[in-house]
Structures are given as C-alpha cells and as structure tokens.
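Notebook open, viewer open. I'm jotting down what I look up as I go.

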Amino acid sequence: MNFITPTDSQIPLRKADFQNLAEALDYAAKGLSGFNFYDGRGKLHATLSYSKLQQEARVLARRLLSLQLERGARVAIVAETHPDFPRFFFACQYAGLTPVPLPASIHLGGHKAYIEQLRGLLEKSQASIAVALTDFFPYLLEASHGLELKVVGTPKTFDDLKETLIELQPLQAEETAYLQYTSGSTRFPRGVMVSEAAVMHNLAGITKDGIKVRQGDRCVSWLPYYHDMGLVGFVLAPLAAQMSVDYLATRDFAMRPRLWLSLMSANRGTISFGPPFGYELSSRRVRLDSAKPFDLSAWRVAGVGAETIQVEILDAFAEKLAPFGFDRKAFVASYGMAECSLAVSFAPIDQGIEIDEIDAEHLSAQHEALSVVGNIDQKTAVCRTKKLVNCGIPLPGHEIVIRDESGQTLADRKCGTIHVRGPSVMSGYFSAPAATERVLSADGWLNTGDIGYLDKGNLMITGREKDMIIINGRNFWPQDLEFHAEQQPEIRPGDASAISVVTDDGLETAVMVVQYREKDEQKKNELETRLARIIREEMGINCVIELVPAHTLPRTSSGKLSRAGTQRDYLNRQKEQEINRDTSNLPISAVG
Amino acid sequence: MATSQYDTIFQQIEVLLQEHAQLQVPIQDDTDLINDLGFDSLKLMEMLEDVEDIFDITYPLNDLANLHTVKDFVLQIQQITGGE
C-alpha cells in the first residue's frame, strides 16, 4: 500500500543552493518528501520519494550509459504525469545526457497532427533515444519511423539494459540541463537550452525570493511536465527545496477540475500555480456541494502566470471559493518564460493582485500607461480603461528594461518591448543560431517579444508575444493556422491571416480571415466548413473563418501581412454588421 | 448480444452528446463529433466526465486521437466496458 510522502522532509530546508540538479536531488534524497501521483478519481496511485527517485535514477543512468551515447546526447521523453518522467529526467542528469520533454497531449481526432508534432521534435532535437509509456508508445514508434534513433522504447526497454559500472558524472554548471521546446509554433519548434547554472539560479530565485518557501509548504500541480511551469515550477523547484508535491494529470484536471481543489484540501496544499485558464475552468465547472466541502485555508501561494492575466477571472474564483477558506491575498502574479528558465518576476506574496487601472485610449494612441486614479473624475468622464496586473520586480540578479522599436530604453510607464538580462537566461535555441541571434544580444539581453511597462521597478504586461493566440491556456502561432489554410488548393500563400479577438464573455477566440475570389455561396460555405474542420482537427480549437474578397487583407509597407491591421479591420466589419443587424452577439474588443 | 449492447450504449451516448454538443443535429452512427457536433477538446472533456461516471470507466486519453464519429465512440466504450 502506498502512503503519501510527508510534508515535513525532516531535513533542514535548503532553497536550491546547489551546483546542479543532481546535487539538489542528492540532498533531497536524505529526507522523506517526494512526489505523489493521483488518478482521475482523486485516488493515490503511486508515490516516489526523493530517496527512491535518486536510487532508481542512478541505476537507470548506469543502464543508459551502456548505450555509449555521446555526452549531452538528447533523450526524448514523452512527458506524461507519471513517476517514470522524473526517473528518466534525473537519470539523464546523472548520466550526463540532455532530457527533452515531449508533449503528451492528444486532441480529438488528432492522430496525424500529433505524429507530425512528435516527429518534428525528434528531428529538431536530434534525439538519440526516445521513451514513452505503453499508452503513448505506438505514437512515438510511428513518429520515429525512418529517423536515425538508437533506441525507441518503453521504460521497460531501458530497464532491461545492462547496468554499467562506470562512475556517474552528472551534468555540470555550464552544461545544458534540459531542452525545453516552447509551446509556440508546432511547425517551427524552438528548443530552449537551459544550463544547469541558469536553472539553479532560477530555482533559487523562485524558492527564496519569489514564493519564499518555508517549512510546512506542500505543492499541488496539474500542469503538464512538458511546459516550463509544470517542469521547472512543479518538478524541479519543489525538489530543489525538498517539498512534497501532489500531482494530478492535466487531462484529469481538465475533466474534473474539482480534483485540484479536493487535493489542495485533503493534503493541506500551500502552493499551487496555474494559468488564468485553470482558475476560470475551476470556477466555471466546480459545483459547490456542501456534502463535500473544500478546505483551502492552507493555500498561501495561488500563483498566476503564463498568459495575460484577466482580473475578472481571479475575482470570480476568489468569490466562489472564499466560503471554503480561500484567501484572495494568496494570489501571486508572476511573469516568465522558458527562455529565462521559468521565472522573471513575482509580485510580493501575501498581497493579492495589485491592479494598475489605466486609460486604454491613451495606451493605444501614445503607448503610455496613464493611471486613471486621480486623473479622471470617474463620476463624470467616461473613459475606456484597462486593468493591468502588477507582476512585481525581477528576481535578484536580473534586470528588465523596456525598449522602443529602435532599441531605445524607455522611461517609466512608457510601453514597449520587454528585455530581460540575468543569470537565468537561456544559452540559446538548440541548433538554431539565427533564431538565437534574433532574441539574444551579445551582451546578454533577451528580447522577450512581450509588451509592457515598468513603474518603479514593477512590471506590468500589456500584451504578450506579438500575434500569439492563446485559447484555453494553450498558445498558438498564427502561422500554424495560416499554414493549414494555405494547404488548400484554392488558397494561395499570403491569403490567410489568423488573429484572436475577445468575445463579450471575456474569452479569446481564434479568427482566420481568408481571401477568396469565388462568389458562389455554396462554394464559400463549403470552404468555410472545411477550414474550420481542419483547424479543429489539427489544433483542437474552434476557429471563426471569415472569407473576404481579394486584396482585402492589409499589408505592412514591406508587403508582409499585418495581423494588427487584420484584427482592426475584422472588428470594424463586425461592428458594421452589428449596426446593420442590430445584434450584439459578436466579438467586440481586440486583445492587447 | 453484441448488437443490443451497442444500441444500449448508443442510446446513453446520444443523450450525453445532445447535452454537451455545440451544434444540435440528429445523432447517427456516422455523425462526426468535430464537424457535425462542433466538439473541441475542452467540451469533450466535460462530456467525458459524465461518460466516465455513467459507465464507470477510465477513458484513455490516447483513444481521443482516433475518435471521429459517434460509432467510433460507442465502439471504444463497448471495448472498455468489456465488450461481452
């Protein structure tokens, strides 16, 4: 029978002050804490204490070494929420190999799309070996067909290898700790190389300065292992600070969001993070049932990150769960990205969400954040405002500057592109020097592509990476949607432009505007239906298709598609139609 | 009898599909979950919660990849519940 690992590790708390991840695990293994895995009914199905993880990972490391791979060779791991993931990840740490977490996420009818995605990642990462649990193994095998991998197997395949007697030489500070494929474009994935030194810096910043880990902390997570927040935030950070973690697979959370809150209650979880989408899903789907009440009173850090934070979503969550002991002061806004290991900045803990309400018109016209407090008599003046969330100050050792398009540093409250420099920044994109050069300057500044402003060192995000579409917490690149449209015989390259709009209920929707010469209504309907179907099948989301006559899509002076222009024009057309039809069920406002 | 078991599951699924689908159309064997009923992954998760509860099964996530029609769905559930 399994017993959960205790909250108290019984060893002195050290906050990630280690040379590398292997050393972090060696220390955690002296205590009693570890990982616990819950199934879709909320029952414990496996535990993995850090001491057991250390033993098993070391054995597996010696087995992997029998394959005689070169140091730093890539080990692709389909990252299901299962004890085998940390086991393989840490076996790589001990064996001097580079783990590459691959997505374990399949969409309705998405067999072909998933195979293509896996195959692309195996190729791009130049993986030497690849592993997946039994459920996902057939997909991995299909995806790796014809590629030159040394071994593709299930965990058993590797557990059957002969253990070598070679002394283990864990990955060292300057070596790449893991390759993190960003949740960006599926067609052009970029593998973020994070060194041991960088990730250890970030883990120290997160645990010591960000969430200020203390004795008695316990983490709960449903975030996928193949995302930076799930991997760095909820596998590596807890381990590096000897905290126990209770895991719920992402699919089980998506199906039964209640389980997240039940786990928090049952195990007295103190730390959990999610994108706004996770909080939204919970407050929408959880039916409050007095027979099974929650006790969220121990929850002291309810972290929010990963997309633009909409305050209304957090308000709704806090309001609904306040009767169960949820304290809205537990909300901690944060900002980060895989390119900076994970975290860049945290708002102060125990303060809740701090809002900067600004004049939205002034922001879009002047690129300046003008606070409405004290500037506008709210009783008389009607001004379109925007509520922005303070994401706090950068972690120690890190700097943030805001720059305009010409690269000039901007003053406080002037809006521009966020640049970050510091010890947690990636070494670059794997095997992609040109892509690296575009975002990482010689003097170490990372161009995040996100838009925001600073106020006395505090960071506010006004828009995220240019053009990105975020639906239900997943990131989509417009190029990927447009690519599928352009594969259709009647659509030429440059005839499709994908954007996102926010509907009246505050949710983001993908829209693709497509130029089409045909006037025949039946043909138009057929194309619309077909494109919507392809996007659903390939990407798992609903997408509004709008067909427009040729030469409608706006272009920049250099002839490129202007997505900002597409969005503006689309919204204008919607407004006109609204006026014409006097209906109000259409999208009204644009994102960022 | 296999046929009648199929029909029983079909009838239960039909009710759930009608409740959760974005688009209301008559439900038949070849009705497509994505194209005819407008399901996306998240909507489907909501329905799967009910499916798991009603049939007392764990629906394997990787089965989603090969799920297109109502018939696929009924057959998958028939297989998971043990076929007979």
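Predicted model: local features only at pLDDT ≥ 70, side-chain atom pairs only at ≥ 80, totals over all residues.

Started on one residue pair: A:Phe37 sits opposite A:Ala46, the latter in S2(A).

S1(A) and S2 (residues 44-49) of chain A are antiparallel partners, with five bridges between them. I then checked the turn of this hairpin. Five residues separate the two strands, and A:Gly42 has a positive phi near 80°.

What does S1(A) pair with in the parallel sense? I found strand S10 (residues 245-248) of chain A, joined to S1(A) by four bridges. For a specific pair there, I noted A:Tyr38, whose bridge partner in S10(A) is A:Leu248. So much for pairing.

Is S1(A) enclosed or open? I went through residues 34-38 of chain A, and five of the five are buried, so the strand is largely enclosed by the rest of the structure. The cut-off I used for buried is 20 or more other C-beta atoms within 10 Å of the residue's own.

Zoomed out to the domains. Chain A splits into domain 1 (21-346), domain 2 (356-387) and domain 3 (470-590). I looked up one spacing: the C-alpha centres of domain 1 and domain 2 of chain A are 40 Å apart.

Last entry, the contact between the chains. Chain A puts in 22 residues and chain B 20 residues. On the chain B side I sorted the residues touching chain A by class, and got twelve nonpolar, six polar and two charged.

Notes: Residues numbered from 1 in each chain as written. Chains lettered and ligands numbered in written order. Contact = placed C-beta atoms within 7 Å. Nonpolar A, V, L, I, M, F, W, Y, C, P; charged D, E, K, R; others polar. Domains from an automatic or database assignment. Buried ≥ 20, exposed ≤ 12 C-beta atoms within 10 Å, placed from the backbone. Pairing = 2+ DSSP bridges.
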